[in-house]
Amino acid sequence: MNFSVEHIGLAARDPVALKDWYVRVLSAKLVFDTRQTPPAFFLELPGGVRVEIYQSGLSRPETANNKLAGWRHLALRVEAIEPARDELAARGVRFTEPIKPAGGSGRILFFEDGEGNLVHLVERPKESPLR
């Protein structure tokens, strides 16, 4: 059996605002809009990862805690962290931690999306087994 990631689901307090954040900040493209109430959207990030954004039923203040059980972050691979950081900062992203070493080699830089979900940039050297 072969598996590939079709999409990642992301429940949102305000799906329209979060969709707009991913389009504006991460250059996502809108692939599908259910045109229903409540709305749901499929976005495609540069590189091909698809994210489904839909209405949440509840939220928790611990969403950005990387140690909370369950899926915790969306890792976005970049060739170089500093230029990506600078471009995202120009689009309004706030980084509250420094660049850190990544497990498996390389470097990472965490930030939160428009609703506090954890996202991070990851830069891997060419010799990394995870590249």
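**Entry 1: the β5 and β8 pairing**

I started with two strands and found that β5 and β8 pair in the parallel sense, over 5 bridges. A reminder to myself: this is a predicted model. I then looked up individual bridge partners. Leucine 74 has valine 119 in β8 as its bridge partner, and arginine 77 has valine 122 in β8.

**Entry 2: the other side of β8**

Next I turned to β7, which pairs with β8 in the antiparallel sense over 6 bridges. Here I noted that leucine 109 has leucine 121 of β8 as its bridge partner. I also followed the chain from strand to strand: β7 and β8 form a hairpin, with 5 residues between them. In that turn, glycine 116 has a positive phi of about 90 degrees.

**Entry 3: how enclosed is β8?**

Are the residues of β8 buried or exposed? I found 6 of the 6 buried, so the strand is largely enclosed by the rest of the structure. I sorted its side chains by direction too. Leu118, His120 and Val122 point one way, while Val119, Leu121 and Glu123 point the other way.

**Entry 4: the cores**

Then I went through the largest nonpolar core, which has 23 residues. Tyr22, Leu26, Leu45, Ile53, Phe111 and Leu121 touch the most other members. I listed the elements that each supply at least two residues of this core: β1 (8-12), α1 (15-26), β4 (50-55), β5 (73-77), α2 (81-90), β7 (107-112) and β8 (118-123). Which of them gives the most? That is α1, with 5 residues.

I found a second, separate core of 5 residues as well, and its members include Ala102, Phe110, Leu118 and Val122.

**Entry 5: a closer look at isoleucine 53**

Last, I picked isoleucine 53 and left aside its neighbours within four places in sequence. Its contacts are Leu10, Ala12, Pro15, Leu18, Lys19, Tyr22, Pro39, Ala40, Phe41 and Leu43.

Definitions and conventions
Residues are numbered from 1 along each chain as its sequence is written. This is a predicted model: local features need pLDDT of at least 70, side-chain atom pairs count only at pLDDT 80 or more; totals for chains, interfaces and linings use all residues. Side-chain values use heavy atoms; hydrogens and water are left out. A nonpolar core is a set of buried Ala, Val, Leu, Ile, Met, Phe, Trp, Tyr and Cys residues joined through side-chain atoms within 4.5 Å. Buried means under 20% relative accessible area, exposed over 50%, partly exposed in between (1.4 Å probe, protein chains only). Helices (H or I, at least four residues) and strands (E, at least two) are DSSP runs, numbered from the N terminus. Contact means heavy atoms within 4.5 Å. Two strands pair if DSSP finds at least two bridges between them.
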